[in-house]
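New notebook page. I want to get to know this structure piece by piece, and I am jotting things down as I look them up.

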Amino acid sequence: MSRHLYLDSSPPAYRGPTDVIDKNAFHKTISVLGARISPERTRVLLKANELRNCLMDLPKIRTVVSDPSQRDGDRLVLLRMSDKADIPVEAQQFLDKEAKGLVDYTVDLDYNYWTAEECLHAFLPEKLREGAPTGFAMTGHIAHVNLNDEYLPYKHIIGQLILDKNKRVTTVVNKLNMIDNQFRFFKMELIAGEPQYVVEHREADCTFTFDFTEVYWNSRLHTEHERLVELFKPEDVIADVFAGVGPFAVPAAKKGCAVLGNDLNPNSAKYLAQNVEDNRVTDLVRVSCEDGRDFIRTSVSRLYGTPFPAYTGPRPSRAQQEKERKQLQKRVAAEGIPIPPSVPADDTKPPRRRISHFVMNLPDSAITFLDAFRGILSDAEDRNLSGTYSEMPMIHCHCFTRELEPEKAEADIRQRVEEKLGHALGGETSFHLVRSVAPAKEMYCVSFRLPREVAFAV
Ligand SMILES: C[S@@+](CC[C@H](N)C(=O)[O-])C[C@H]1O[C@@H](n2cnc3c(N)ncnc32)[C@H](O)[C@@H]1O
């Protein structure tokens, strides 16, 4: 076995400052031999069995380079040894026959060559290398990490590495272990890049704009958002009690659903309204900024008084709308016809007055809001609520539990829900494990049909 068969391409031990990265400290040269050969014959060396264990195979570095002494002429096929004496005899004989000789070649590696993880290992003391934090979550252009205390002295380095090694990232924040108790958004500190916190994020074919320091957003919930929106029918009306900036409300409206979207955080309500507009669903989403309890108590009555127009079928795509607009413009120009009024809403179908689903994603306390459903359909004004609500709404209530076994988790959640509702849950109840948020903390969504006795309680 040759002495130099293994090429050490790891970064050099870092000896620069530890508050900023000295990129020049990341430089390494590796000496190898290059077998000179004409361009059309490089494959002969690359495919040769005799050279199988001799070719240089550093990631991201070309094995074939042009010969620096003859730029337009021969190529060099790089070997992984720097000393001729290390080339096995069989390979040596092959090269003597096929190549035009061996020359010294230097491979230069710099800061750009190594991954964030490799660079970080060069910085960190040995004891911190295992488990070093190079993973991060992305929201728009912001990368966020959650650093343990022992890595805090290196936070700016970690941030800079994430910034330098990921083109889409322009801001890196460290989430502090403080969550705004009421509105659930994280406190965070900038560790690299620009202090620019208004992000544009895409989820479910929708664009969401929001200030990450002012509102709640969690990209890990995207499958839960999708799951519930999938359950909704386009004709449904959805009441989103804790809507945030709209990850349930906006995709549901895009599907055709009418939505009452509510959030007590004025900034969430502001960005929800903007997202509704940006995604062109203003006619289908009504935004409010109230306490969830008031919203639950008044939503039935408000919708009944001011219903949404009936669902009239899928909307044409943006491209289709644009095409139709252009065709109409052409006709108007060619035939001189007046611009026809836009298609009126279909008033042959009854308007939408019934809430089909309530969504309650505030896992910390949503269950405690459930008593607000008591009596929501008992009507002092004697309208025909019972006829309208021949089918009761489904409630999708998110919650946490410390029980890790599914059966115990379900029993725990059921007991808390029934206690708050003051009534047993019926047959149409299901429990969905959304995600594990901590080693002993699971997030669930319990879905159940609102018991008639609760809704009509007086
Ligand atoms: C966990 S977030 C969920 C947001 C969004 N539905 C989602 O899935 O990303 C909970 C939301 O409830 C809002 N909130 C907290 N307390 C509230 C209350 N009493 N009434 C209404 N909204 C509230 C917060 O501002 C936050 O936007």
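Ground rules first: I call two strands paired if DSSP finds at least two bridges between them. Helices (H or I, at least four residues) and strands (E, at least two) are DSSP runs, numbered from the N terminus.

What I am looking at is a predicted model, where local features need pLDDT of at least 70, side-chain atom pairs count only at pLDDT 80 or more, and totals for chains, interfaces and linings use all residues. Residues are numbered from 1 along each chain as its sequence is written, and side-chain values use heavy atoms, with hydrogens and water left out.

Entry: domains. I looked up how the protein chain is divided and found domain 1 (27–110), domain 2 (116–196) and domain 3 (214–318 + 346–455). These bounds come from an automatic or database domain assignment. Taken over C-alpha atoms, the centres of domain 2 and domain 3 are 34 Å apart. Their contact (heavy atoms within 4.5 Å) takes six residues from domain 2 and 10 residues from domain 3.

Entry: For angles, axes are lines fitted to C-alpha atoms, for helices over the stretch in contact, and the values run from 0 to 180 degrees between N-to-C directions.

I then checked strand 14 (residues 357–360) and strand 15 (residues 394–401): they run parallel and are joined by four bridges. Which residue of strand 15 is the bridge partner of His357? I found Met394.

Entry: the four-stranded sheet. I noted an open sheet in the order 5-6-7-8, again with mixed pairing. Strand 7 (residues 171–179) and strand 8 run antiparallel, joined by six bridges. Thr171 has Gly193 in strand 8 as its bridge partner. Helix 5 packs on this sheet and touches strand 6 (142–145), strand 7 and strand 8.

Entry: a helix pair. The axes of helix 3 (residues 116–123) and helix 5 (residues 155–165) come within 10 Å and cross at roughly 155 degrees. The two helices are therefore roughly antiparallel; my cut-offs are under 35 degrees for roughly parallel, over 145 for roughly antiparallel, 65 to 115 for roughly perpendicular, and oblique for the rest. In the contact, Ala116, Cys119, Leu120 and Phe123 of helix 3 meet Ile157, Ile158, Leu161 and Lys165 of helix 5.
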